[in-house]
Amino acid sequence: SSKFQPAGAQEQARLAHGDAMANVEVGTQPLASYCNDAPQSRGVELNLVWQLTSMTLGAGVFTIPMVYNALGYVHASLWVVAMGIFADIAMERLLDISVQHSKDCYNALSELAFGAAGKTMMSAITLVTTFIAGLSYICTAKELLLDVTVAFLLDVDPNAHGEVEILSKGKTIVLLTIMVCAALPLTLSPTMGDNAWISKFGVCAMIISSIFFIIRCAMIWAQGCTGEMGCGEKPPAFKGSVGDVMMYAATLAFSFSIVFALFPVLQERVTAEGSVEAAVPPVRRAVRRSVAVCCVLYLLIGLVGSFAFGSAVNSIALCSLPLKEPLTQLVMLLVGVSVWMLTAIVAFPAVSSAEYLVKMCMGSSYRSGIRMWLVIVIGAAMVLVDAFVPTKIAFTLCGALGLSMGAYVVPCVLFLRLNSSGRTAKLLRVATLVVLVFGLTLLFGSTPVTVVNALGEKGGAAARKLMDLLCGHLSADPTLNFEL
């Protein structure tokens with residue numbers, strides 16, 4: 001990508017440190033001496049946490065209660081903690097080899113390990129994964145905004161009556177086109193930092209909505225379901241078949257996609273600090289804090305959501321809350337808008353990877369204006385796929401296919417191949433191998449299970465049309481007045 005540092009500049013930075021690189025110890029932070037001349041402020045590090053967390057703390061957070069209901073609350077909690085630890089191990093190993101080789105780019109590390117084929121492979125993985133993530137984000141935003149619009153204008157909770165078709169396929173495509181056209185032009189910015197306001201807004205919105213969700217679910221759990229709310233059987237501590245574990249583990253994996261924001265964030269710090277060695281320590285601390293924030297929120301949301309709604313929980317648990325309540329409408333509107341805007345952050349790596357692949361094919365004939373056409377093509381693909389692929393399947397497929405490779409398998413393989421420290425602890429290598437095996441299991445286990453389930457759901461019952469729902473309400477209560 002054009003935003004990456006030239007190889008010559010990276011080589012000069014590496015030579016400037018000379019033999020000091022030999023003193024870098026994997027898995028620790030003895031690099032503080034490189035940063036003494038430019039200490040990091042808390043505001044800068046907090047900004048790093050915002051940017052990293054915004055990549056993962058989005059619509060997927062409200063799929064966690066569904067996983068808890070499917071696997072059991074203890075079983076799912078163990079998976080959340082394990083995946084957080086695995087994600088942190090994988091990202092820190094990437095930072096280790098970034099320091100050792102003075103590289104601030106995922107593609108550059110892949111090229112160093114496997115040549116041009118490795119760089120191309122990593123670009124393709126990033127493109128596919130973040131494209132699918134963008135699909136799930138824009139589709140979730142569409143569903144949330146449609147639901148809150150119907151509830152606000154018609155005083156009807158569409159989620160309390162099973163699956164309801166609010167718009168026809170044609171109108172859905174029109175709406176998705178408008179939403180994509182509003183969000184994706186933001187990916188034309190040269191760096192993610194140019195859209196830092198989206199990251200801050202998105203993380204703040206998700207934290208506020210998560211706190212509201214936790215409190216409201218705790219109230220429902222204590223008082224029981226009332227009115228049109230649907231509550232099912234509470235989940236046991238452990239449950240789920242091997243197939244369930246494969247599928248829902250992939251859904252949880254989607255919730256730890258921080259790795260795809262790691263190198264854009266690192267590159268911005270390299271620009272500010274002047275070297276990879278000085279930039280890595282604050283990014284490493286931000287990674288740990290970001291993973292910790294995500295794990296705590298996921299555990300709380302999963303527990304209260306699954307116990308409040310049980311087996312009746314929606315695939316997007318926020319939709320299980322009583323939507324006729326004004327405060328719930330406000331929170332859902334906030335989440336819908338934030339997820340809509342975060343589509344630009346999530347899709348940014350996809351656009352950059354597509355640009356690199358096209359640039360590699362075109363060579364010197366590549367022009368900067370082609371990035372705009374790539375955004376248009378990616379946006380059109382999002383609209384067409386999102387019009388026909390269920391949100392639940394998009395989340396799971398992203399975790400199974402993309403996150404298994406980009407967040408677990410490739411980081412571990414790169415570390416095992418490129419690590420040049422002779423003092424790497426055995427325990428660290430064993431942990432890396434464990435994460436590698438886990439990623440391969442997701443790739444070859446969860447992906448086919450997800451595809452089979454997607455094919456099996458095609459023959460499900462047809463969704464109820466919104467007009468039929470409204471007619472049912474009118475016939476049940478002739479005095480009902482709709483304010484339009």
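**Figure 1. Overview of the predicted model and its confidence.** pLDDT is the predictor's confidence in each residue, on a scale from 0 to 100. In this predicted model, the protein averages a pLDDT of 80, and 80% of the residues score at least 70. Confidence is lowest in helix α2 (residues 32-35), where the mean is 34, and highest in helix α5 (residues 73-101), where the mean is 94. Over residues 1-40 pLDDT stays under 50, and for this stretch the model has 68 contacts beyond four places in sequence. The protein contains 17 helices and 2 strands, and 55% of its 484 residues count as buried. Among the contacts with a separation of 6 or more, 87% are accounted for by residues 24 or more positions apart.

**Figure 2. Close-up of the second largest cavity.** The structure holds 3 cavities of 30 Å³ or more, and the second largest cavity, shown here, has a volume of about 60 Å³. Its lining is made up of 11 residues, of which Met55, Ala133, Phe254, Ser257 and Val346 lie nearest the centre. Two or more lining residues come from each of the elements α7 (116-154) and α15 (391-418), and α7 gives the most, with 4 residues. By residue class, the lining of this cavity divides into 8 nonpolar and 3 polar residues, with no charged residue.

Figure 3. Helix α11 (residues 259-273) has 15 residues and reaches 21 Å from its first C-alpha to its last, close to the 21 Å expected at 1.5 Å a residue. Because 12 of its 15 residues are buried, α11 is largely enclosed by the rest of the structure. The buried residues of α11 include Val259, Phe260, Leu262, Phe263 and Val265, and also Gln267, Arg269 and Glu273. After α11 comes Gly274, whose phi is positive, near 100°.

Figure 4. Ala87 is found in helix α5, the helix in which confidence is highest. With a relative accessibility of 4%, Ala87 falls under the 20% cut-off and therefore counts as buried. Apart from its neighbours within four places in sequence, Ala87 is in contact with Phe256 and Tyr408. The C-alpha atoms of Ala87 and Ile258 are separated by 8.1 Å, although the two residues are 171 residues apart along the chain.

Figure 5. Ser210 is found in helix α9 (residues 196-223), and its relative accessibility of 0% is why Ser210 counts as buried. When residues up to four places away in sequence are not counted, Ser210 touches Val61, Phe62, Leu297 and Ile301.

**Figure 6. Close-up of helix α14 and the helices it packs against.** Helix α14 (residues 370-386) has 17 residues and reaches 24 Å from its first C-alpha to its last, close to the 24 Å expected at 1.5 Å a residue. Its buried residues are Ile370, Arg371, Leu374, Val375, Ile378, Gly379, Met382, Val383 and Asp386. An α-helix has 3.6 residues a turn, so residues three or four places apart point the same way. The buried residues of α14 pack against α7, α8 (169-183) and α13 (326-362), and α7 also contributes to the lining of the second largest cavity.

Technical notes: Residues are numbered from 1 along each chain as its sequence is written. This is a predicted model: local features need pLDDT of at least 70, side-chain atom pairs count only at pLDDT 80 or more; totals for chains, interfaces and linings use all residues. Side-chain values use heavy atoms; hydrogens and water are left out. On a 1 Å grid over the protein atoms alone, a cavity is a set of points where a 1.4 Å probe fits but cannot get out, and a pocket is an open set with protein on both sides within 12 Å along at least five of seven lines; lining residues have an atom within 4 Å of a point. Grid points are joined across faces, edges and corners, and a volume is the space filled by probe spheres set on the points. Ala, Val, Leu, Ile, Met, Phe, Trp, Tyr, Cys and Pro count as nonpolar, Asp, Glu, Lys and Arg as charged, and the others, Gly among them, as polar. The expected span of a helix is 1.5 Å times one less than its number of residues. Buried means under 20% relative accessible area, exposed over 50%, partly exposed in between (1.4 Å probe, protein chains only). Contact means heavy atoms within 4.5 Å.
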